[in-house]
Amino acid sequence: MALIEVKKVLTKDLNKITTLEKKIFKENAFSKELIEKLIMKNLFFLKLEISKVKNKIIGFIIALKDQNKNVSIINFLIDPKFQNKGYGSYLLQYTIEKIKKLNNIKKITLNVQLSNSIAICLYEKFNFKRNPTILENYYQSGESAYLMELEINSRLTKTYK
Ligand SMILES: CC(C)(COP(=O)(O)OP(=O)(O)OC[C@H]1O[C@@H](n2cnc3c(N)ncnc32)[C@H](O)[C@@H]1OP(=O)(O)O)[C@@H](O)C(=O)NCCC(=O)NCCS
């Protein structure tokens with residue numbers, strides 16, 4: 001794995017983040033306006049940069065806190081050129097650790113496409129549990145989703161190395 005850094009996403013990253021988002025999620029992609037709003041909020045909007053290439057963003061993750069002591073991961077991707085090299089696991093692990101440091105968080109939740117077996121495997125590796133209820137037509141494309149949840153206080157939470 002090349003030298004990488006996790007940093008907060010800033011407004012100057014908006015175009016790069018939006019381009020990556022469209023490339024990966026296509027019709028399901030968040031709009032530029034929504035991404036901009038999410039950058040303005042002070043939450044976990046984190047990017048993964050390769051340090052030897054200045055400002056090279058190879059992935060990002062967005063996590064939001066709700067009113068019920070839960071944090072939702074609402075967006076997460078790694079540029080296809082850099083997938084399957086451990087970067088997704090690194091960024092997810094980093095984010096889970098950050099969330100655990102917040103007070104009173106009970107659960108991390110996320111939604112994932114039924115067909116996205118790679119992401120489901122990754123989340124299961126970190127001990128997320130799949131809720132059996134399928135969320136029909138969850139995405140813009142009409143695809144359905146699973147809800148996955150990680151109990152934060154679980155002693156079984158895996159540390160990825
Ligand atoms: C899901 C995603 C973020 C994973 O990032 P990544 O950097 O490829 O993840 P990792 O390299 O850490 O691999 C995680 C696991 O997925 C598996 N995996 C990753 N890419 C794979 C591929 N192309 N084929 C098969 N398995 C793959 C690996 O087996 C790995 O588990 P391991 O510990 O057994 O090696 C990335 O595939 C992605 O951006 N996908 C498109 C966007 C997306 O689906 N986001 C999630 C929305 S819920």
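**View 1. Asn 127, a buried residue in the loop between α4 and β6.** At 17% relative accessibility, Asn 127 counts as buried (under 20% relative accessible area, with exposed meaning over 50% and partly exposed in between, for a 1.4 Å probe and protein chains only). Asn 127 lies in the loop that runs between α4 and β6 (129-135), where helices (H or I, at least four residues) and strands (E, at least two) are DSSP runs numbered from the N terminus. The phi of Asn 127 is near 80°, a positive value in a residue other than glycine. Most residues other than glycine have a negative phi. This is a predicted model, in which local features need pLDDT of at least 70 and side-chain atom pairs count only at pLDDT 80 or more, while totals for chains, interfaces and linings use all residues. Residues are numbered from 1 along each chain as its sequence is written, and side-chain values use heavy atoms, with hydrogens and water left out.

**View 2. Lys 69 in the loop between β3 and β4.** Lys 69, which lies in the loop between β3 (56-65) and β4, has a positive phi of about 60° although it is not a glycine. Lys 69 counts as partly exposed because its relative accessibility is 36%.

View 3. An oxygen atom of the ligand is 2.6 Å from an N or O atom in the side chain of Lys 125, and an oxygen atom of the ligand is 3.3 Å from an N or O atom in the side chain of Gln 83. At Lys 85, a polar backbone atom is 3.0 Å from an oxygen atom of the ligand.

**View 4. The shell around the ligand.** The ligand is surrounded by 20 residues, of which the closest are Asn 84, Gly 86, Ser 89, Asn 116 and Lys 125 (a residue is near a molecule if one of its heavy atoms lies within 4 Å of it). With five residues, α4 gives the most to this shell.

**View 5. Gly 86 in the loop between β4 and α3.** Gly 86, found in the loop between β4 and α3, counts as buried because its relative accessibility is 17%. Gly 86 and Glu 33 are 53 residues apart in sequence and, C-alpha to C-alpha, 30 Å apart in space.

Conventions. A polar contact is a pair of N or O atoms within 3.5 Å; within protein, one must be able to donate a hydrogen and the other to accept it, and residues adjacent in sequence count only if both atoms are side-chain atoms.
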